Amino acid sequence: MSVALAGNAPATFEIKSAHLPLVALMLKSSNLELLAQEFAQRFGDMPDFFDHDPVVIDLHPLNVAEAHALPDFGALQTLLRQHRLTPLAVRGGTIEQTALAVAAGLTPAPDATVQRAAPSAAPTEIAAPEPVAVPQPMPMPGALVIDKPLRSGQQVYARGRDLVVMAMVNPGAEVIADGNIHVYAPLRGKAIAGARGYGEARIFALSMAPELISIAGIYRTSEVALPESVQGKTAQVRLVPGPDGDKLVIDAIGV
């Protein structure tokens with residue numbers, strides 16, 4: 001026999017499930033001095049790049065590169081907060097690493113997932129260095145449109161959306177977007193798409209001749225010349241995962 005029991009809902013609160021978009025720091029080294037240098041190189045000229053984003057520290061890459069490493073989680077949190085990041089949790093660590101992280105105030109989050117680039121066919125593959133960090137929030141719809149040429153020293157950042165540039169991006173200029181970047185003119189400066197880890201972002205240009213291109217932390221500089229099939233041509237850049245890591249792929253676009 002079933003029995004129905006009367007219930008009272010609390011007047012002052014409710015408990016609900018919630019989903020919080022997290023930035024994921026894929027830690028690959030316990031050398032915090034080197035990490036600080038690379039953070040400064042990557043974000044030093046963009047002090048407002050992060051907006052106190054919550055962070056989960058992923059230790060899987062560290063345990064591949066440095067077995068049994070024991071990072072200083074207190075110093076690591078201090079470094080992240082200096083760049084307007086808010087460390088909350090840790091995942092992928094050993095029992096000892098997790099215990100140290102918890103002692104430093106972090107929360108174990110073994111079920112946290114990290115966004116990866118979607119599989120895709122790979123024509124001309126271009127290997128690139130490993131990223132410092134791979135954030136994960138998805139960009140929001142909409143686009144920031146820039147009508148004027150960007151001169152050396154100028155920087156434009158489309159936070160949470162795509163960026164459309166209708167004029168030349170000159171050498172020394174920098175265009176950054178959490179989503180895609182479209183340059184309907186020559187791209188001769190730096191272009192950083194998927195800046196917060198959106199691996200499906202792309203870079204499009206009518207004349208591809210950049211000083212640097214980057215998607216979700218994977219980058220390539222002009223020190224290695226682009227193939228003649230895409231140099232100065234209408235082309236797109238995308239990120240393709242592979243067994244040896246993510247790679248930038250550049251395709252010419254017929255017009």
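Colleague: Why do the side chains of Asp58 and Arg91 count as a salt bridge?

Modeller: Their N to O distance is 2.4 Å. A salt bridge needs a side-chain nitrogen of Lys or Arg within 4 Å of a carboxyl oxygen of Asp or Glu, so this pair qualifies. The model is predicted: local features need pLDDT of at least 70, side-chain atom pairs count only at pLDDT 80 or more, and totals for chains, interfaces and linings use all residues. Residues are numbered from 1 along each chain as its sequence is written, and side-chain values use heavy atoms, with hydrogens and water left out.

Colleague: Which parts does the Asp58 and Arg91 pair tie together?

Modeller: Asp58 lies in strand S2 and Arg91 in strand S3 (residues 85–91), so the link joins parts 33 residues apart in sequence. Strands here are DSSP runs of E, at least two residues, and helices are runs of H or I, at least four, numbered from the N terminus. Both Asp58 and Arg91 are buried.

Colleague: What makes Arg238 and Asp251 a salt bridge, and which strands hold them?

Modeller: The closest N and O atoms are 2.7 Å apart. Arg238 lies in strand S15 (residues 235–240) and Asp251 in strand S16 (residues 247–252), so the parts tied together are 13 residues apart in sequence.

Colleague: Why is Arg238 called buried?

Modeller: Its relative accessibility is 9%. Buried means under 20% relative accessible area, exposed over 50%, partly exposed in between (1.4 Å probe, protein chains only). So Arg238 is buried. Asp251, with a relative accessible area of 12%, is buried too.

Colleague: How many salt bridges does a search of the whole structure find?

Modeller: The search finds 5. One of them joins Arg196 and Asp53, at 2.7 Å from N to O. Arg196 sits in the loop between S11 and strand S12 (203–208), and Asp53 in strand S2 (residues 53–58), so this bridge ties together parts 143 residues apart in sequence. Both Arg196 and Asp53 are buried. A network of salt bridges links Asp53, Asp178 and Arg196.

Colleague: What makes Arg196 lie over the face of Phe49?

Modeller: Arg196 is 5.3 Å from the ring centre. A charge sits over a ring if NZ of Lys or CZ of Arg is within 6 Å of the ring centre and within 35 degrees of the ring normal. Arg196 is listed over the face of Phe49, with its distance inside the 6 Å limit. Phe49 itself is buried, at 2% relative accessibility.

Colleague: How many aromatic pairs does the structure hold, and why is Phe39 with Phe43 called tilted?

Modeller: There are 5 aromatic pairs. Phe39 and Phe43 have ring centres 5.5 Å apart and planes at 50°. Rings of Phe, Tyr and Trp (its six-membered ring) pair if their centres lie within 6.5 Å; planes under 30 degrees apart count as stacked, over 60 as edge-to-face and the rest as tilted. So 5.5 Å makes a pair, and 50° makes that pair tilted. The two residues are 4 apart in helix H1 (residues 32–43), which separates them by about one helical turn. Both Phe39 and Phe43 are buried.

Colleague: What is the Phe49 and Phe50 pair called, and why?

Modeller: Edge-to-face, because the centres are 4.7 Å apart and the planes stand at 90°. Phe50 has a relative accessible area of 3%, so Phe50 is buried. Phe39, Phe43, Phe49, Phe50 and Tyr157 form one aromatic cluster.

Colleague: How do you know that strands S7 and S9 pair?

Modeller: Two strands pair if DSSP finds at least two bridges between them. Strand S7 (residues 155–158) and S9 share 4 bridges, in the parallel sense.

Colleague: What makes both faces of strand S9 covered?

Modeller: In a regular strand the side chains alternate between the two faces of the sheet. In S9 (residues 174–177), Glu174 and Ile176 on one side and Val175 and Ala177 on the other are all buried.

Colleague: Why is Val145 called partly exposed?

Modeller: Its relative accessible area is 46%, so Val145 falls in the partly exposed class. Val145 lies in strand S6 (residues 143–146). Val145 and Val165 are 20 residues apart in sequence but 5.9 Å apart in space, C-alpha to C-alpha.
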